[in-house]
Amino acid sequence: DYKLALRLAQDYYFIQDAANAKNLLENLNKIDPANDETTLLLADTYAISNQLSKAEAIYRNMLLLSTDEKATHDLIERLANLCDLHVKNKNYEKADSLYNEIPTITKDLDIIKNVFDKQIFMSDALINDLKLDAAEKLLNSLKAKIKNEEQGEVLNNRLLFLGDALIKDKKFENAEGLLDYLKEIVKNDDQ
């Protein structure tokens with residue numbers, strides 16, 4: 001029975017038994033490839049089992065076919081969550097590419113703000129992995145995008161963190177440029 005098998009697959013998914021969930025869901029998807037619930041759960045299962053390209057392909061296909069605003073919103077959020085997994089796997093270029101794409105496919109300000117928060121978090125990972133040039137490039141790109149005051153403060157704190165890392169790495173010229181930028185911000189705030 002299809003419904004019973006789907007329910008069992010959901011139970012496997014929720015107890016983090018991705019292998020059994022995936023096997024059941026792949027079979028169910030062959031039986032009824034038009035069942036969005038099964039297809040979405042299969043993509044989510046691929047995501048938790050670190051098969052990110054398979055998950056992304058399904059999310060993108062569903063996004064192309066989606067006519068429902070809430071479903072579209074949820075799919076875009078799932079793409080953003082895939083970025084987090086790419087960061088966790090230290091696949092920063094893929095994460096950055098997908099993070100940068102998301103604001104081009106939605107006008108939802110909450111999702112866009114969330115993506116900027118996630119990119120700021122990614123800069124921490126880059127700094128911790130001593131990928132300072134990539135962190136600097138990312139943070140500099142965010143300076144032009146972020147308009148929210150609260151996010152701007154978080155961004156400026158990350159720039160200070162990056163400045164410290166650049167000094168420790170003896171990249172004084174880069175650090176000086178960041179510090180000049182931050183001094184200008186402080187000066188403008190005082191006026």
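A: At the start of helix α3, N35 places a side-chain oxygen within 3.0 Å of the backbone nitrogen of E37. The model is a predicted one, and the distances and angles here are computed from it.

Helix α3 itself covers residues 36-48, 13 residues in total. From its first C-alpha to its last, α3 reaches 18 Å, close to the 18 Å expected at 1.5 Å a residue.

Next comes the setting of the helix. Ten of the 13 residues of α3 are buried, so the helix is largely enclosed by the rest of the structure. The buried stretch takes in T38, T39, L40, L41, L42, A43, D44, T45, Y46 and A47. Among the parts that cover these buried residues are α1 (2-14) and α2 (18-31), along with α4 (52-65) and α5 (69-88).

T39 lies in α3 and has a relative accessible area of 10%. Buried means under 20%, so T39 counts as buried. Setting aside neighbours within four places in sequence, T39 is in contact with N29, P33, I58 and M62. I76 is 37 residues away from T39 in sequence, and their C-alpha atoms are 15 Å apart in space.

Finally, the other end: just after α3, N50 takes a positive phi of about 65°.

Note on methods. Residues are numbered from 1 along each chain as its sequence is written. This is a predicted model: local features need pLDDT of at least 70, side-chain atom pairs count only at pLDDT 80 or more; totals for chains, interfaces and linings use all residues. Side-chain values use heavy atoms; hydrogens and water are left out. Helices (H or I, at least four residues) and strands (E, at least two) are DSSP runs, numbered from the N terminus. The expected span of a helix is 1.5 Å times one less than its number of residues. Buried means under 20% relative accessible area, exposed over 50%, partly exposed in between (1.4 Å probe, protein chains only). Contact means heavy atoms within 4.5 Å. A polar contact is a pair of N or O atoms within 3.5 Å; within protein, one must be able to donate a hydrogen and the other to accept it, and residues adjacent in sequence count only if both atoms are side-chain atoms.
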